Amino acid sequence: MYTAVQIDSNMTLEEALAEIEIPRHIRELLKIVTISYVSFDDHIHEGQLVVHKNIADDVVEIFSAISKTGFPIHHAIPIVKYHWDDEASMSDNNTSAFNYRVIHGTSNLSNHSLGLAIDINPLFNPCYAIDGSVQPALGKYEPSKAGTIRPDDEIVSIFTSRGWRWLGHRERKDWQHFDKVDAV
Ligand SMILES: [Zn+2]
């Protein structure tokens with residue numbers, strides 16, 4: 001049976017980087033990639049991520065591998081759709097990569113600022129800070145729920161076998177976060 005692919009996002013890089021000032025040397029590192037995934041409606045969707053050009057092919061292959069496992073991705077839309085409001089994007093369970101921002105609770109630029117990090121289904125895989133605060137505020141980690149990342153899930157090994165880190169097992173539990181910091 002043929003079912004049409006649902007298009008969740010179809011932007012140019014220029015559209016995806018609108019509304020904010022991004023230093024030119026960073027802008028030049030970024031690419032927009034189209035990824036396929038199975039969403040919670042069991043249909044194949046196509047979304048987009050803005051990532052560092054060095055990991056662009058890697059990211060497309062990773063999401064292709066994830067879709068074969070059936071792990072659902074709610075949707076992936078560049079964060080400009082949420083006017084660069086990370087809390088709004090996370091609350092909408094949106095999977096995203098590039099965002100020109102600092103690490104929550106610090107003044108350090110996040111790995112998301114170079115497009116080297118991806119947050120997956122963040123409403124289901126929130127970040128628990130050491131001080132006990134949760135991002136997004138309504139996020140809840142319930143391992144039995146589909147789309148939640150558990151330590152022995154294939155999605156984790158798909159990333160880590162390609163040299164990515166997962167921050168779900170750190171002291172500051174950032175269940176949603178994968179990055180590849182040594183790609184530059
Ligand atoms: Zn992250």
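Strands are DSSP runs of E with at least two residues, helices are runs of H or I with at least four, and both are numbered from the N terminus. My notes follow a predicted model, where local features need pLDDT of at least 70, side-chain atom pairs count only at pLDDT 80 or more, and totals for chains, interfaces and linings use all residues. Residues are numbered from 1 along each chain as its sequence is written, and side-chain values use heavy atoms, with hydrogens and water left out.

I then looked up Ile32 and saw that its bridge partner in β3 is Val50. The hairpin of β2 and β3 has 5 residues between the strands, and there Asp42 takes a positive phi near 70°.

Next I turned to α3, residues 56-69. Its 14 residues reach 21 Å from first C-alpha to last, close to the expected 20 Å (1.5 Å times one less than the number of residues). I found several buried residues in α3, including Val59, Ile62, Phe63 and Ile66; buried means under 20% relative accessible area with a 1.4 Å probe, protein chains only. Among the elements covering the buried residues of α3 are β2, β3 and α5, with contact meaning heavy atoms within 4.5 Å. Just after α3, I noted Gly70 with a positive phi of about 85°.

Conventions
Buried means under 20% relative accessible area, exposed over 50%, partly exposed in between (1.4 Å probe, protein chains only). Two strands pair if DSSP finds at least two bridges between them.
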